[in-house]
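Hi,

Here's the structure I promised to pass on. Have a look at it first, and then read on for what turned up.

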Amino acid sequence: MCFSCVPGGYEVGEKVFYTGASVTFADGDKFVHGQQGKVTGACTSKALKGKGVNLRFPGNKGLVGCHLNEVRRVRAAPPLPPPRLRPA
């Protein structure tokens with residue numbers, strides 16, 4: 001496997017921001033919208049192979065595989081508030 005071949009033009013050690021929905025796992029690991037993480041290599045899971053990167057987030061025990069459309073080099077904008085419903 002080529003560890004320097006990271007999809008999306010990212011480099012191992014590069015700091016990126018997570019832009020997807022916040023998730024907390026049963027073991028306590030989590031990733032939060034807008035959180036900064038470090039690229040550790042290409043994601044090797046079947047679902048993300050060639051389409052994702054592994055990230056290490058501060059405080060997490062393990063790596064997190066993220067789809068390329070969930071990471072970016074610039075800080076993510078805060079999530080939009082839920083739409084307000086108008087009275088009928």
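What share of the residues in the protein chain is buried? Buried residues make up 32% of the 88 in the chain, where buried means under 20% relative accessible area with a 1.4 Å probe, protein chains only.

Before going further: this is a predicted model, where local features need pLDDT of at least 70, side-chain atom pairs count only at pLDDT 80 or more, and totals for chains, interfaces and linings use all residues. Residues are numbered from 1 along each chain as its sequence is written, and side-chain values use heavy atoms, with hydrogens and water left out.

The protein chain has seven strands and zero helices (DSSP runs: E of at least two residues for strands, H or I of at least four for helices, numbered from the N terminus). Its C-alpha trace spans about 60 × 30 × 25 Å along the principal axes.

Now the inside. The largest nonpolar core has 12 residues, including Val 6, Tyr 10, Phe 31 and Cys 66; such a core is a set of buried Ala, Val, Leu, Ile, Met, Phe, Trp, Tyr and Cys residues joined through side-chain atoms within 4.5 Å. Strand 1 (15-18), strand 5 (52-56) and strand 6 (64-67) each give two or more residues to this core.

Tyr 10 is worth a click. Leaving aside neighbours within four places in sequence, Tyr 10 is in contact (heavy atoms within 4.5 Å) with Val 16, Val 39, Val 53, Leu 68, Val 71, Arg 72 and Arg 73.

Cheers

Technical notes. Buried < 20%, exposed > 50% of the residue type's maximum accessible area, 1.4 Å probe, protein only.
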